[in-house]
Amino acid sequence: MALFDSSGSGCGAGSATASTTVEMLIPIWQRVLERPGIGINDNFFDAGGNVHSADLLFRDIQRECGRELPSSTIFHAPTIASLASLLEQATLPRFSPFIRLKAGSVKPPILMAHGLGGRARFSQLAKHIQTYHPIYGIQAKGIDGREEPFDCIEDMAQFYLGALNDVQREGPYILIGYSFGGLVALEMAQRLLETGKNVGLLVLVDAYPHPRFMSAGQRLRLGVQRTTRHISEMRQKPIKGAISYFIAGLKHRMRIAQNHSGSRLPEAPRLSLARTTLQVQKKAYVALARYRPQPYPGKIKFVKSESDSYFPGDPVPVWANLAASLEVETVPGSHLNMVTTHFESLAAILSRYVNDAFSHE
C-alpha cells in the first residue's frame, strides 16, 4: 500500500501511449465539468467537480476505454495528467488511506480523520489552515468498493496506524477528527500513546460518542434539546411546511434505521461513490453504536459548532471525565457547514493550535 504520485510525471511528451490517454480524457473532463478549457494539471475539484460528477467521469471512462475504475480514484489522481499516468498501469495499485490535501515542508504532517461517509471532505478547510505542515485526509477502507468497510472503530484505527509509514514514520503526531472521525482520531491517539509514541496535538471537532454511552441525564437533556428544536422549526412554518418538515424527519430516521438493519443499497454502479459511500456509512453507524471511548491520558482540544442543536449543547459533561485535560472553543455555523462552507473560523483555530503546539521547533 502506498501513496500514488499524482504529479502526472509519467505522462510526458515522450510517452506516446500516455499522450493518447490524455487526449482521450480531455473531452470527457470537458463534458462532465461543462468547461471548454481544462488543463491537464487542473484539479478536478477546483474545476467544479464533485462526488456526482466523479461518478459520471468514471462512467464515461469505462465507456471509452472499457476499463472499470472506482470513482474514488479521483481523490488519488485528481488531474488529467495523473489520471492518465494511472490508467497506463496494468493494474490499479492499492491506495493508501492518506490523501494529501495540502503540500507542506515542515514535519510532522497534520492528519484529519473522516466522518461517517468515509471521504476526506476537507480540501477547502485544509487550504485555509495557515501552516507549513502538510495536511492529509484519512479516507475509509472500502470507499473504493474493492474492499469491505470496517464496522469497528478499533479496527479502523489499527488499519490507519498500520499505513502511517506512508506519510510519517515517527512522532510527534497531529490528529484532527471531525464528527465520527473524532472517535477514530481518539482511538488512534490512544494506541499511539500505548506504544510509547508522542501525540503532539489531538483535536476533536464536534465529535461525540453514541448517546447510549452518555449518562442518563445527558441523554435526557439531549432528547429535550432535539425535541425543542423540532417544535421551534415547525412553529415557524405554515401548516403545509410543518407537515413536510415532520415527514422529512421521519424519512431521515427511517434511513438511519435502514443503515442499522442492513437493508439493500440503492441500485448504482458497484464502484461509484453513490454506492460505496453508503456502504461505508452503513458500517460506520454500526461502529459508532459499538464504540465506548476510554479515558485519554493527554490533552484534548475540542471545537464545537455554535448553532447546531442535534448534538449536546455543552461538550464538557460528555468529555471532561474522558480527558486528563479538556479545552473547548466555539465557532460560528452548524455541524455540517463548519467544515464545508463556513470553515474560516475553524481554520483559524486549527492554525493557532498547530502553531502553538510546534512554535518551539
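Trainee: Why is Thr131 called buried?

Mentor: Its relative accessible area is 12%, and buried means under 20%, with exposed over 50% and partly exposed in between (1.4 Å probe, protein chains only). So 12% puts Thr131 in the buried class. Bear in mind that this is a predicted model, in which local features need pLDDT of at least 70, side-chain atom pairs count only at pLDDT 80 or more, and totals for chains, interfaces and linings use all residues. Residues are numbered from 1 along each chain as its sequence is written, and side-chain values use heavy atoms, with hydrogens and water left out.

Trainee: What is Thr131 in contact with, leaving aside its neighbours within four places in sequence?

Mentor: Lys102, Ile110 and Val354, where contact means heavy atoms within 4.5 Å. Thr131 itself sits in the loop between helix H5 (123-127) and E3.

Trainee: What makes the pair formed by the Thr131 side chain and the backbone nitrogen of His133 a polar contact?

Mentor: A polar atom of that side chain lies 3.0 Å from the nitrogen. The rule asks for N or O atoms within 3.5 Å; within protein, one must be able to donate a hydrogen and the other to accept it, and residues adjacent in sequence count only if both atoms are side-chain atoms. At 3.0 Å the pair falls within the limit, so it qualifies.

Trainee: On to E3. How do you know that both faces of strand E3 are covered?

Mentor: Ile135 and Gly137 on one side are buried, and so are Tyr136 and Ile138 on the other. In a regular strand the side chains alternate between the two faces of the sheet.

Trainee: What makes E1 and E3 a pair?

Mentor: Two strands pair if DSSP finds at least two bridges between them. E1 (residues 98-102) and E3 have four, in the antiparallel sense, so the pairing holds. Arg100, for one, has Tyr136 as its bridge partner in E3. E2 (residues 110-113) is also joined to E3 by four bridges, and those two strands run parallel. There, Met112 stands opposite Gly137.

Trainee: Are Glu34 and Ser179 buried or exposed?

Mentor: Glu34 has a relative accessible area of 71%, so it counts as exposed. Ser179, at 14%, is buried. Glu34 is in the loop between helix H1 (16-33) and H2, whereas Ser179 lies between E4 and H7.

Trainee: What makes the 99 residues of the largest nonpolar core a core?

Mentor: A nonpolar core is a set of buried Ala, Val, Leu, Ile, Met, Phe, Trp, Tyr and Cys residues joined through side-chain atoms within 4.5 Å. Among those with the most contacts inside this one are Trp29, Leu202 and Trp319. Helix H7 (residues 180-194) gives the most to this core, with eight residues.

Trainee: And how confident is the predictor, going by the mean pLDDT of the protein?

Mentor: The mean is 85, and 80% of the residues reach 70 or more; pLDDT is the predictor's confidence in each residue, from 0 to 100. Over residues 5-16 it is below 50, although this stretch has 17 contacts in the model beyond near neighbours in sequence. Residues 249-257 are also below 50, with one such contact.
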